[in-house]
Amino acid sequence: MTEHRKYEVDPVTGSPIHPYSWDGIGELETPPPRWWVLTYAACVVFALAWWVLYPAWPYIAGYTKGVLGFSTRVQVAETLAAAKAAQAPYNDKLAKLDYAAIAADPELSTFALAGGKALFQENCSQCHGSGAAGNVGYPNLLDDDWLWGGNYATLEQTIQHGIRAPGDDATRVAQMPAFGKDSMLTRAQIDDVTAYVLSLSGTAPADPAAAERGAQLFTDNCVACHGEKGVGNRDVGAPKLADSIWLYAGDAKSVAAQVFNPKHGVMPAWASRLDPLAIKKLVLYVHSLGGGE
Ligand code: HEC
Ligand code: HEC
C-alpha cells in the first residue's frame, strides 16, 4: 500500500523524506555525496574526450578512428620498425662478413646466435626438437656425428637445399637400395649382415658365425656407401654404423628392416622460404651447438 504524504524533513539526518511511503516505511531523499557527483561528471567528460581522441564506436564496415589516429596495429608496426632499425647495423655486418669472420667477433656472434636460436625454434624444432637433440628419423644436431657434415659450407648447403627435398634441384640425394624388397639379399643374408652391423657398434653378436658371414656380405653390398667397418660416408649421407648413435634404431629388428626396405629421411629446403641472412644465422646457430667443424 502506498500512501500520499507531503515532503517532510527527517529530524535526525536533516534530509527530506520522500512523499510516498510503502507499507509505512518511508525513504529519505538524501542527495548523492558531492564527491560522487563530481566523479560521475568527470567520467562523462573523460568518455566524451575518449570518443573524440581514440577509436571508439564500431560501425558496419569499420569504426571511428579518433583524431589521434592511434591503433595497436600501428603501435606494433612502429615497435617492429624500431627494433629492425636497431638491428640493422648488425644485420648489415652479418650479411657482408664470412662465417669465420663472424665467429671471430664475439658481439656479432652473440647477436647472430640469438637470431639463429629464435629461427630454429620457429622453423626446425618441430622435427629436430627444441633443444636440437633430434628424434627417431630426425638427426641430433648437438653431436659431431654428421650424416652430411658439420662445417659452415656443408651446413649451409644442407639447410638451403634440404635432403631429398621435393622441388629443389640442388637438394642432397642418397638412396639406400631395398636389399630385401628388391630380392638382392635373402632373409637369411639380411639376418647375417644385421648381426655384423650390430657387432660394429660393440654389441657382442648372439651368433658369431652369422656375424662372420655378414662381414663378407657387408663388404660386397654396403661398404660402397657405409665405408670399411661402417665408418660412414658423408659424400652420400650414409650414416656411421660403427657407433651407438642411430638415425633410426640400433636393435636387430630395426636394422634388418632398414636393409630390407630402407627409410629415407626428408629435410625440407629453406632457400625458398627464408632469406639468406636467416639461413646464415641458422648455420651459425647449428654450428655452435657442439658438433661444428
Ligand atoms: C619436416 C622435418 C624437418 C624440419 C622442419 C627440419 N629438418 Fe633438418 N632434417 C630432417 C631430416 C629427416 C633430416 C635427416 C635427413 C636424412 O635422413 O638424411 C634432417 C637433417 C638435417 C641436417 C643434416 C644433419 C647431418 O647430420 O648432416 C641439418 C644440418 C638440419 N637438418 C638442419 C635443420 C635446420 C636448421 C632446420 C630449420 C631451418 C631444419 N633442419 C628443419 C627433418 C627436418
Ligand atoms: C647406395 C648407398 C647405400 C648402400 C649401398 C647401403 N646403404 Fe645403408 N644407408 C644409406 C643411406 C643414405 C642411409 C641413410 C638413410 C636416411 O638418411 O634416411 C642409410 C642408412 C642405413 C642404416 C640406418 C642407420 C641408422 O643410423 O639408423 C642402416 C642400419 C644401414 N643403412 C645398413 C646398410 C647395410 C647393412 C647395407 C648393405 C647391405 C647398406 N646399408 C647399404 C646408403 C646406403
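1. Glu228 sits in the loop between helix 9 and helix 10, where helices are DSSP runs of H or I with at least four residues, strands are runs of E with at least two, and both are numbered from the N terminus. With a relative accessible area of 54%, Glu228 is exposed; the cut-offs, with a 1.4 Å probe and protein chains only, are under 20% for buried, over 50% for exposed, and partly exposed in between. Its C-alpha atom is 34 Å from that of Ser125, a residue 103 positions away along the chain.

2. On the basis of these values: this is a predicted model, in which local features need pLDDT of at least 70 and side-chain atom pairs count only at pLDDT 80 or more, while totals for chains, interfaces and linings use all residues. Residues are numbered from 1 along each chain as its sequence is written, chains are lettered from A and ligands numbered from 1 in the order in which they are written, and side-chain values use heavy atoms, with hydrogens and water left out.

3. Which residues coordinate the iron atom of ligand 1? They are His128, through NE2, and Met267, through SD, at 2.0 to 2.1 Å. Donors here are N, O and S atoms within 2.8 Å of the metal (3.2 Å for Na, K and Ca), and sites may look incomplete because water is not among the atoms. The 6 donor atoms subtend angles of 88 to 179° at this iron, so the arrangement is octahedral. For six donors that term requires opposite donors over 155 degrees apart and all others between 65 and 115.

4. His128 counts as buried because its relative accessibility is 10%. Met267 counts as buried as well, at 18%.

5. The iron atom of ligand 2 has Met176 (SD) and His226 (NE2) as its protein donors, 2.0 to 2.1 Å away. Its site is octahedral, with angles of 87 to 178° among 6 donor atoms. Met176 is in the loop between helix 6 (152-161) and helix 7 (187-200), and His226 is in helix 9 (residues 223-226); the pair, 50 residues apart, links distant parts of the chain. Both Met176 and His226 are buried.

6. Asp192 is placed in helix 7. Is Asp192 buried or exposed? Its relative accessible area is 10%, which means that Asp192 is buried. Leaving aside residues up to four places away in sequence, Asp192 touches Ala210, Ala211, Arg213, Gly214 and Leu217, a contact being heavy atoms within 4.5 Å.

7. On cysteines, the count of disulfides is 0, a disulfide being a pair of cysteine sulfur atoms within 2.5 Å. Cys43 is partly exposed at 47% relative accessible area, and Cys225 is partly exposed at 31%.

8. As for the overall fold, the protein has 11 helices and 6 strands. Its radius of gyration is 37 Å, whereas a compact globule of 293 residues would have one near 19 Å; the radius is taken over C-alpha atoms, and the globule rule is 2.2 Å times the number of residues to the power 0.38. Along the principal axes, the C-alpha atoms fill a box of roughly 120 × 55 × 40 Å. Buried residues are 34% of the 293.

Methods. Four donors count as tetrahedral if all angles lie between 85 and 135 degrees; four count as square planar and six as octahedral if opposite donors are over 155 degrees apart and all others between 65 and 115; anything else is irregular.
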